[in-house]
Each structure stands twice: as structure tokens, then as C-alpha cells.
Amino acid sequence: MEEGQANLTAMVEPGEVVAQTASEDPEIGLRGVASLRALLEAVEELQVRRARELGWSWQQIAALLGVSKQAVHQKYGTGERRKRRRLR
């Protein structure tokens with residue numbers, strides 16, 4: 001298992017997080033939204049890095065993410081891993 005995948009499985013189960021977003025309690029629902037955002041960012045970073053390792057251009061990646069190549073390069077092009085948000 002790759003490092004990024006290990007980090008994802010060490011987090012909260014996605015189904016549990018989705019269920020939290022449907023809570024009648026705004027505190028629980030908003031916590032679920034924040035956790036989904038963190039999970040999405042982690043998965044996006046994993047896939048962008050994988051695509052770059054396979055030789056994809058910034059333009060190819062950006063097109064599939066629906067953003068400009070400048071935006072995706074600015075977000076992921078430094079070569080450093082981004083600090084992840086902690087799931088709540």
C-alpha cells in the first residue's frame with residue numbers, strides 16, 4: 001500500500017463521514033463537511049502526484065480537474081508534500 005493510501009485508510013471511514021453530513025445537529029454536519037473536504041484534498045493530491053509520476057502534463061491534469069494549469073501547478077508543483085488537514 002502506498003503512503004498516501006495508508007494515510008487515507010488511517011482516517012475516518014468515508015461512509016461514516018458522509019452520514020455525519022446528514023445529521024440534524026449542525027456541529028456534527030459541519031464536522032462531516034470539513035472531514036470530506038480534507039479527504040477530497042488528500043485524494044486529489046495523491047492522484048495529481050501519481051499522474052505527474054506517469055508523465056502527465058499540468059495541462060492534462062488541470063483539464064480533468066476543471067482548473068487552469070497554473071492553478072494546479074501552483075497548488076502541487078513545488079515538489080513538497082502539502083500539510084494535510086486533520087479529519088474531525
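Predicted model: local features only at pLDDT ≥ 70, side-chain atom pairs only at ≥ 80, totals over all residues.

**Helix 3 and its surroundings**

With six residues, helix 3 gives the most to the lining of the largest pocket.

The setting may be described first. The protein contains five helices and zero strands, so that its pattern, read along the sequence, is α-α-α-α-α. Of its 88 residues, 26% are buried. Among the contacts with a separation of 6 or more, 55% join residues 24 or more positions apart. The protein exposes about 6200 Å², of which carbon and sulfur atoms supply 53%.

At the start of helix 3, a side-chain oxygen of Asp-25 comes to within 2.9 Å of the backbone nitrogen of Glu-27. After the other end comes Gly-55, whose phi is positive, near 90°.

Between these ends, a number of residues of helix 3 are buried, including Gly-29, Gly-32, Ala-34, Ser-35, Ala-38 and Leu-39. Further buried residues in helix 3 include Ala-42, Leu-46, Val-48, Arg-49 and Ala-51.

Glu-45, which also lies in helix 3, illustrates how such a label is assigned. A residue is called buried when its relative accessible area is under 20%. Glu-45 has a relative accessibility of 3%, and therefore counts as buried. The C-alpha atom of Glu-45 is separated by 9.1 Å from that of Lys-75, although these two residues are 30 residues apart along the chain.

The largest pocket, finally, has a volume of about 170 Å³. Its lining consists of Val-43, Glu-44, Gln-47, Val-48, Arg-50, Ala-51, Trp-56, Ile-61, Leu-64 and Leu-65. Helix 3 is joined in this lining by helix 4, residues 58–65, and each of the two helices supplies at least two residues. Two of the lining residues, Val-48 and Ala-51, have already been named among the buried residues of helix 3.

Definitions and conventions: Residues numbered from 1 in each chain as written. Heavy atoms only, no water. Helix = DSSP H or I, 4+ residues; strand = E, 2+ residues; numbered from the N terminus. Buried < 20%, exposed > 50% of the residue type's maximum accessible area, 1.4 Å probe, protein only. Contact = heavy atoms within 4.5 Å. Areas by Shrake-Rupley, 256 points an atom, 1.4 Å probe, with all protein chains shown as cover. Polar contact = N/O pair within 3.5 Å; in protein donor to acceptor, adjacent residues only side chain to side chain. 1 Å grid on protein atoms, 1.4 Å probe; cavity = no way out; pocket = protein on both sides within 12 Å on 5 of 7 lines; lining within 4 Å. Points joined across faces, edges and corners; volume = space filled by probe spheres on them.
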